[in-house]
Amino acid sequence: MSLKAQITEDMKTAMRAKDSARLGTIRLLQAAMKQKEVDERIELDDAAVIAIVDKLIKQRKDSIAAFEAANRADLADVEKAELEVLKVYLPERMGEAEINAAVQAIVAELGASGPGDMGKVMGAVKAQLAGKADMGLVSAAVKAALSK
């Protein structure tokens with residue numbers, strides 16, 4: 001079953017269970033997916049759906065940080081609940097050691113030597129690790145590898 005179909009089934013399940021918090025988050029995800037399909041006139045595959053989920057998760061993390069800085073625990077809790085629902089749709093993420101090993105291999109393969117090669121390395125890393133790793137950790141690993 002495709003990820004898109006799984007999300008639709010989960011929405012139906014949330015409706016039957018009258019789980020309004022989960023249902024709202026899934027509808028938000030479906031709206032983002034539909035927007036992408038309409039804007040680009042494409043049918044989303046699993047990789048594109050994962051990219052959308054990644055984007056929504058990053059938004060939730062940013063919102064949580066902002067709400068906690070403003071002492072709005074009530075709003076931060078809502079965002080945390082949405083974050084947990086969205087995380088279900090991501091594949092198993094790579095660990096920090098795996099990310100570092102992959103980045104080192106790509107840096108060696110490209111012959112990158114310094115911070116000036118960051119764009120070239122990030123392009124190759126994104127192509128290889130998209131959807132498999134947290135890109136924030138990947139970016140930090142690339143910076144560390146190129147600063148040596």
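This is a short walk through one chain, from its overall make-up to a few single residues.

Keep in mind that the model is predicted. Let's start with the whole chain. The secondary structure comes to 7 helices and 0 strands. Read along the sequence, the pattern is α-α-α-α-α-α-α. The C-alpha trace spans about 55 × 40 × 30 Å along its principal axes. There are 148 residues, and 34% of them are buried. The chain exposes about 8800 Å². Carbon and sulfur atoms supply 55% of that area.

How far apart in sequence are the contacting residues? Take contacts between residues at least 6 apart in sequence. Of these, 56% join residues at least 24 apart.

Now to a pair of helices. Find helix α2, residues 20-40, and helix α3, residues 46-69. Their axes come within 10 Å and cross at roughly 125 degrees. That makes α2 oblique to α3. The crossing is right-handed.

Which residues make the contact? From α2, they are Leu-28, Leu-29, Ala-32, Met-33 and Lys-36. From α3, they are Val-49, Ile-52, Val-53, Leu-56 and Arg-60. By type, the residues of this contact divide into 8 nonpolar, no polar and 2 charged.

Next, move along to helix α7, residues 135-147, and pick out Ala-145. Is Ala-145 buried or exposed? Its relative accessible area is 11%, so Ala-145 is buried, the cut-off being under 20%. What does Ala-145 touch, leaving aside neighbours within four places in sequence? Ala-145 is in contact with Val-103, Gln-104 and Val-107. Ala-145 and Gly-114 are 31 residues apart in sequence, yet 8.5 Å apart in space, C-alpha to C-alpha.

Last, two loop residues, with a word on backbone angles. Most residues other than glycine have a negative phi. Lys-18 is not a glycine, but its phi is positive, about 55 degrees. Where is Lys-18? Lys-18 sits in the loop between α1, residues 3-17, and α2. Its relative accessible area is 73%, so Lys-18 is exposed; the cut-off here is over 50%.

Asn-71 also has a positive phi, near 55 degrees, and Asn-71 is a residue other than glycine. Its place is in the loop between α3 and α4, where α4 covers residues 73-87. At 68% relative accessibility, Asn-71 counts as exposed.

To recap: 7 helices and 0 strands, a right-handed crossing of α2 and α3, a buried Ala-145, and positive phi values at Lys-18 and Asn-71.

Terms used:
Residues numbered from 1 in each chain as written. Predicted model: local features only at pLDDT ≥ 70, side-chain atom pairs only at ≥ 80, totals over all residues. Heavy atoms only, no water. Axes fitted to C-alpha atoms, helices over the stretch in contact; angles between N-to-C directions. Helix = DSSP H or I, 4+ residues; strand = E, 2+ residues; numbered from the N terminus. Parallel < 35°, antiparallel > 145°, perpendicular 65-115°, else oblique. Left-handed = near helix turned anticlockwise from the far one by under 90°. Contact = heavy atoms within 4.5 Å. Nonpolar A, V, L, I, M, F, W, Y, C, P; charged D, E, K, R; others polar. Buried < 20%, exposed > 50% of the residue type's maximum accessible area, 1.4 Å probe, protein only. Areas by Shrake-Rupley, 256 points an atom, 1.4 Å probe, with all protein chains shown as cover.
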